[in-house]
Amino acid sequence: MSKNPKEKKKKLSFKRNISNNLFALKTIWIASPLYLFVYLSSSVLYGALDFLSGTYLLRKIVNGISNGDPIANILMFTAILGTVTLITYTSLQWFWNVTSQKMHRKISIHIQKMVFKKAATVELACYETPSFYDKYVKAMDEAQERIIKVMRTLDGLIQKFTALFANSLLLFIIDPVLILFGLFPLLLGFFRRLENITAHKYKTEKKPLNRRKEYVLRTFYLSEYAKEMRIGSMHENMLRDFRESIHDFCTITKKYGTRKAIFGYIRKVGLEVVTVLGATLYAVWSNMVIGPQNGGMNVGDCIVVIGSIGTISYCLNNLIQNFAEFGEHALFLEDMRFFLDYEPTIVDGALVAPGSGEDITVKNVSFQYDGAAHDTLKNISFTLRKGERIALVGSNGAGKTTLIKLMLRLYDPKEGEIMLGDKNIKDFSLSSYRNSFSTVFQDFKMFSMSVKDNVLLRPEKGGDRELVENALRESGAMQRIERMENGIDTVLTREFDKKGENLSVGEQQKLSLARIFGDSTPYVILDEPSSALDPIAEYKMFENMMRATEGRSVIFISHRLSSAVLADRILLMENGSITESGTHRELIDQNGKYAEMFRRQAQNYLGSEVSSDAQ
């Protein structure tokens, strides 16, 4: 990985704050320019109309009556303003009812595509790095909601600024002294900022606890944990973790809750007592003590002041809050931008991988995982020839799966190179190279979709039904699928379909192997594809696989050496190195580690009397 995502900065520069919020607005603009334009334009209209139809209209009516203006003129002004307001509100409401959901959906899809597209390019090592994965989860959790929140905060900012400007201008015309009361909330902005910083720290520290708590809850209701949770006392451990999570929640709440409450109380008292009450008393004093005849306020202006000073104070206070929200948005968007700006170390090459299935040569390859003390692979060299079947055998932790990951270019070697034909696999585009492989990992996954979709792992095309059915027969899964009401159209699991079917681990493994039989790529990789099958079913499956992959290059990992017998060549791995190589007969004749392992397994299955004949 090219970056070290240790921990996000707790404070961003002003420039970065602006940049992150502009990024959010730019994202919305790219997805739906009309939506952003109308949304923000309506903010100005709403702010202006609220002022005209509220504060200004009240002053016009009260002062007009007090000054003896004709009632007809007052009613005419009120009717015109009411008509304009009604037409504007109705038009905007119609627009939002008709188009807002569609535009919002466009924005949502655009944001999801951005995140998913980047996720598809990020190397596997990132998912295995907790600090980076934490940022990825945050980006997925916050992306859509946080970007929309930036627009809504800007909308609130525009409305409040419009109302603030209009009301401040009116108060200045009435009495310039009133502006002093309106500006006092600016001094309270310091406490608003402290309150927001505290709230952000609280949310940030709470997120890992939420994930831990949700994990514990999942273990109680997901079927994959059901057996282990009912055997022994594992549920007590999970409940212990749940209690610890709740305790940590309380600790964090205690840590930040008091401070947040104090900052909020100071801000609230300053706003309500000093600003609103002070301005109200000043307006009443000007009207009743000085009097309109001596330059004091008349009744209409006094009423307007009582209303407007509250509006100004509210707007100023919330403008500060809006700016603080932009800072909060910027902090959360920093995680998303870190993820989107991350430059993968495994990048596309310019060439398209040939579909003919050339030799793959591993030359002096060594590899070490991030943070590991020692190399997992050490100077590995071998060639997978076109049409050859190689079995990788060895104890757990020998490096077999890691070697497979390097051949699929999920990682790049620390030293050495892997060649496809006469070119380094780095020269090929990732999609064309990886699409040359049909792969089943030991930790394969079933999707809550139809059996057919789980076999194809792509959209259906003409003739695919016959292909899927044949693949299921070859893998040994068809007998189980035929018992399902909807056959290959049956949805797996009942999570989204009451008529769905749940498969045993062995049945799932057979179905996953059908993916190999249903494809015609030049290379096949199987990482312990039969661990859940009994020895007889496994041997039959491998016989079918060898027949179905005729002419294709195959590498398979298996701990049952009876299956390795079917391979053209066997590679024995120990401690990250290839220690023995040859056919089954050659390795037996060498009488090394492979021969010892084979005899031991044969004895377990056949008994000591016949184990010597199993060679």
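Biologist: What makes Tyr594 and Phe598 count as buried or exposed in this model?

Modeller: Keep in mind that the model is predicted. Tyr594 is buried, and Phe598 is too, because that word stands for under 20% relative accessible area.

Biologist: And why is the pair Tyr594 and Phe598 called stacked?

Modeller: Look at the two values: the ring centres are 6.2 Å apart and the planes make an angle of 25°.

Biologist: How far apart are Tyr594 and Phe598 along helix α19?

Modeller: They are four residues apart in α19 (residues 593-606), which means about one helical turn between them. In general, an α-helix has 3.6 residues a turn, so residues three or four places apart point the same way.

Biologist: How many aromatic pairs are there in the structure?

Modeller: There are 10 aromatic pairs. Another one is Phe51 with Tyr56, 6.2 Å centre to centre.

Biologist: Why is the pair of Phe51 and Tyr56 called tilted?

Modeller: Its planes are 40° apart. Stacked needs under 30 degrees and edge-to-face needs over 60, so 40° leaves tilted for Phe51 and Tyr56.

Biologist: How do you know whether Phe51 is buried or exposed?

Modeller: Phe51 has a relative accessible area of 12%, and the limit is under 20%, so Phe51 is buried. Tyr56 comes out at 28%, and that lies between 20% and 50%, so Tyr56 is partly exposed.

Biologist: Which residues do ring pairs link into a cluster with Phe51?

Modeller: Tyr56 and Phe77 join Phe51 there.

Biologist: What makes you say that the charged end of Lys60 sits over the ring of Phe77?

Modeller: The charged end of Lys60 is 5.4 Å from the centre of the Phe77 ring. The distance limit is within 6 Å, so 5.4 Å passes that part of the test.

Biologist: Let's turn to helix α1. How do you know that its span is close to the expected one?

Modeller: Helix α1 (residues 14-31) has 18 residues and reaches 26 Å from first C-alpha to last. The expectation, at 1.5 Å a residue, is 26 Å. Its buried residues include Phe23, Leu25 and Ile28.

Biologist: Which residues lie nearest the centre of the largest pocket?

Modeller: Leu410, Thr439, Phe441, Phe447 and Leu457, out of 37 lining residues. Strand β6 gives the largest share of that lining, four residues.

Biologist: What classes make up the lining of the largest pocket?

Modeller: It has 18 nonpolar, nine polar and 10 charged residues. The space in this pocket is about 1400 Å³.

Methods: Residues are numbered from 1 along each chain as its sequence is written. This is a predicted model: local features need pLDDT of at least 70, side-chain atom pairs count only at pLDDT 80 or more; totals for chains, interfaces and linings use all residues. Side-chain values use heavy atoms; hydrogens and water are left out. Helices (H or I, at least four residues) and strands (E, at least two) are DSSP runs, numbered from the N terminus. The expected span of a helix is 1.5 Å times one less than its number of residues. Buried means under 20% relative accessible area, exposed over 50%, partly exposed in between (1.4 Å probe, protein chains only). On a 1 Å grid over the protein atoms alone, a cavity is a set of points where a 1.4 Å probe fits but cannot get out, and a pocket is an open set with protein on both sides within 12 Å along at least five of seven lines; lining residues have an atom within 4 Å of a point. Grid points are joined across faces, edges and corners, and a volume is the space filled by probe spheres set on the points. Ala, Val, Leu, Ile, Met, Phe, Trp, Tyr, Cys and Pro count as nonpolar, Asp, Glu, Lys and Arg as charged, and the others, Gly among them, as polar. Rings of Phe, Tyr and Trp (its six-membered ring) pair if their centres lie within 6.5 Å; planes under 30 degrees apart count as stacked, over 60 as edge-to-face and the rest as tilted. A charge sits over a ring if NZ of Lys or CZ of Arg is within 6 Å of the ring centre and within 35 degrees of the ring normal.
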